[in-house]
Structures are given as C-alpha cells and as structure tokens.
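Here is a short report for a reader who is new to this protein. Look over the sequence and the model, then read on.

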Amino acid sequence: MKLITFTVPCYNSAAYMDHCIETLLPAGEEAEIILVDDGSKDDTGKIADAYAEKYPTIVRVIHQENGGHGEGVNQGIRNATGMYFKVVDSDDWLDGDALAKVMDVLRTQAAAEKPVDLVMANYVYEHVADNTRNIVDYTGILPEGRVFKWSEIGHFPPNKNILMHSVIYRTEVLRKSGMVLPKHTFYVDNIFVYQPLPEVENIYYLNLDLYRYFIGRDDQSVNEKNMIKRVDQQLRVTRIMMEAVDVYALPVTQDKLRAYMLNYFSMMMAISSIFLTLDGSPEAMEKRKQLWADLKAHDARLYRRCRFSVAEACNLPGWLGCKLSIGGYRIAQKLFKFN
C-alpha cells in the first residue's frame, strides 16, 4: 500500500500542470499520483501519459469523458491505493519543505496502532491582482503537533474554515462516508470537506504552509460574476449538504464538530442567498424563497438554526434586505479576500 494518493483532476491543463506534478514527485515511491484527464481537448492527456511512462511506479493516468472536477475526485477515491488521500488541483502546487514534513508525520501514523483519520496543514492564497499572499493557518484553533479529538478544537472564524486545500483524509474515511460528488458541478469541494467529517475521530495538525492556491483570475469559479452565473450549481451543492449529514444525530463527544458543521452549513445558505440576491431577478428571488422552504421541510431545527444565524441576514425581505445582503457580501469580500 502506498502512503498517500495525490489525485490531480485535469481539464485543459497543459499550460500549467507540469508545475503541479513536479511539486508532488518529491514524495517519491511512498506516494502515487493519479492524474485524471477529464476529457481535455488540449495536450493534457499526452502530458499525463508522458509522466506515467517516466514514473511508472508513481504516476497513474485515468482518461475519462468530461465529468467535471467532482468526477475527477471520485475517480481518485475509487482507484486510490494510498492510506491517505489528498486532492491537488492542476493549477495549484505544494511546498517542498512542508511536504517532506507531512510525509514524516504520515509515516509515523501508518505505523501507529490507530492512525489518525485526518491530517491538516495551512494553505496560502496567492493573489493575482496585487501579487500578495494570505496565509490561512489554524493557530489557536487546533492543537499543534499531536493527535487530538473534536472535543479539543477551538472556534473557527469564517475566514479559517476547513477547506479542501487544508485536508489530507485517511482514504478509508472517505469511502466509509459514502460521498459521491456530483458531475458537472462547481463548488463540490464544500461537500468534500463536510460530508466525511462525522467519520473522523482523531486529527493531527501541522502548522506548515503546504498548499499554494492562485486566486483572482477572471476564469475562476469563485469569481463573483461566475458565481452569479453558476448559482444553480451552488444551490445543488447546498442541497446535497443539507441531506448528507444529520448534524443533530452526532454523539455528545462530537458537540464541537456539530457546532462547526452548523456554522459551515449556515455559511452555505448565506452564500446561496447572497448570490441569488445579487442576481436580483424575480426567478432568482423565487429560488431563494424555495431554498429556505426546502430546508424548513427537510429539518425544522436546522432551518431555525440557520434562520437565526448570520445566514438570516442574507434572507431579509424587501428592498432594505437586499441592500443589507449585498452590503454584507461586499464587506466580507474585503475582510476575507474572498476574490
């Protein structure tokens, strides 16, 4: 068994995928790199095959019809032979020194009687527009350099949530969760860092800047105009998360996890409501109304929790409510460098 599987979903990634792959190769023979060619129309498939030919014991290639980022991740989970699993997008990369230290921890965990279910590290936003960077760490939120449980975590502020960039799951945890990401859908990373969490018992956090992520390009899914255009996909992801986990059924030992998941889901409701409000059309306003009605019908407790959380500020009625929702989004965008 390999120590870790890196899955790299690739779609028309020929211009930049080499850099990503080269930062993963130093993990050596203890790692496998699964390159998922998602129906690319450029030389992505050829580049992937060349790496597999050059590193046959490390790199594997899966060619598939276009299914979107989520199906690329699904393929990685289905085919992974590594004890641990990490997604690295083809336009991102890992820091070499940090990766070496992460591999040391994974070796220790692989030899442990009860290996941890989740390893976490920091990630870095590299801002294209002004050439600045924003390091997201979990100092003061998570214990550092040791195994811990959910009962020991602190409060996660909105700008330091658990994201795909920060997690390395034990592969069996992902499979046990039953998670299958939807095809042809953006924002599925939210499901990836939400649905498996109840299967996680033990965690290990390294205060290292491992993952590097460009943000601010016009073509990115988190670009504001793109999010308005793709709001139906945001709604799809939010509804999947709505039904994926019964947070109120979590045991007492996971009370802090429940609180975190409630806050995260409230944020998803807020984002959906905000971008429907930014759209502003009668159709969008009806979708916003229906989303909240669906949540109420699905779980009245969850509805009440979201309604009286910060998400409710994004669901206020009338002209003033719309102005407050949009204004709140603008402020949050500046505070958290969302875009």
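A polar contact is a pair of N or O atoms within 3.5 Å; within protein, one must be able to donate a hydrogen and the other to accept it, and residues adjacent in sequence count only if both atoms are side-chain atoms. The side chain of K86 makes such an approach to the backbone oxygen of H165, at 2.9 Å.

## Ground rules

This is a predicted model: local features need pLDDT of at least 70, side-chain atom pairs count only at pLDDT 80 or more, and totals for chains, interfaces and linings use all residues. Residues are numbered from 1 along each chain as its sequence is written, and side-chain values use heavy atoms, with hydrogens and water left out.

## The whole protein

The protein has twelve helices and ten strands. Both are DSSP runs, numbered from the N terminus: helices are H or I with at least four residues, strands are E with at least two. Of the 339 residues, 55% are buried. Buried means under 20% relative accessible area, exposed means over 50%, and partly exposed lies in between (1.4 Å probe, protein chains only).

The protein exposes about 15,000 Å². Carbon and sulfur atoms supply 54% of that area. The areas come from the Shrake-Rupley method with a 1.4 Å probe; for residues, only the protein chains shown count as cover. Contact means heavy atoms within 4.5 Å. Among contacts with a separation of 6 or more, 77% join residues 24 or more positions apart.

## K86, a buried lysine

K86 is found in strand β4, residues 82-87. Lys and Arg count as positive and Asp and Glu as negative; His and the chain ends are not counted. K86 is buried yet has no salt bridge. The nearest side chain of opposite charge is D92, 9.1 Å away.

Which residues does K86 touch, not counting those up to four places away in sequence? They are I4, T5, F6, T7, L94, M164, H165, S166, V167, I168, L210 and Y211.

T23 is in helix α1, residues 17-24. T23 counts as buried because its relative accessible area is 12%. A polar atom of the T23 side chain lies 2.7 Å from the backbone oxygen of C20.

T23 also meets residues from elsewhere in the sequence. Leaving aside neighbours within four places, T23 is in contact with W93, L94 and L99. T23 and W93 are 70 residues apart in sequence, but 6.1 Å apart in space, C-alpha to C-alpha.

## Salt bridges

Side chains of opposite charge can pair when their charged atoms come close. A salt bridge is a side-chain nitrogen of Lys or Arg within 4 Å of a carboxyl oxygen of Asp or Glu. The structure holds 17 of these salt bridges.

One of them joins D95 and R212 (3.8 Å, N to O). This pair links distant parts of the chain: D95 sits in the loop between β5 (93-94) and α4 (96-110), R212 in strand β10 (residues 202-215), 117 residues apart. D95 is partly exposed at 24% relative accessibility, while R212 is buried at 12%. R133 forms a salt bridge with E126, with the closest N and O atoms 3.4 Å apart. Salt bridges that share partners join D95, E126, R133 and R212 into one network.

D117 and R170 form another salt bridge (2.8 Å, N to O). D117 lies in the loop between α4 and β6 (118-127), and R170 in strand β9 (residues 167-170), 53 residues apart. D117 is buried at 2% relative accessibility. R170 is partly exposed at 22%.

## Aromatic rings

Rings of Phe, Tyr and Trp (its six-membered ring) pair if their centres lie within 6.5 Å; planes under 30 degrees apart count as stacked, over 60 as edge-to-face and the rest as tilted. The count comes to twelve aromatic pairs. Why does the pair of Y51 and Y55 count as stacked? The ring centres of Y51 and Y55 are 6.4 Å apart and their planes are at 20°, so the pair is stacked. Y51 is buried at 8% relative accessible area, whereas Y55 is partly exposed at 23%.

Ring pairs also link Y138, F156, Y194, Y205, Y260 and Y264 into a cluster.

## Positive phi in a loop

H184 is in the loop between α5 (171-177) and α6 (189-192). H184 is not a glycine, yet has a positive phi of about 50°. Y187 is in the loop between α5 and α6, with a positive phi of about 70°, and is not a glycine either. H184 is partly exposed at 46% relative accessibility, but Y187 is buried at 7%.
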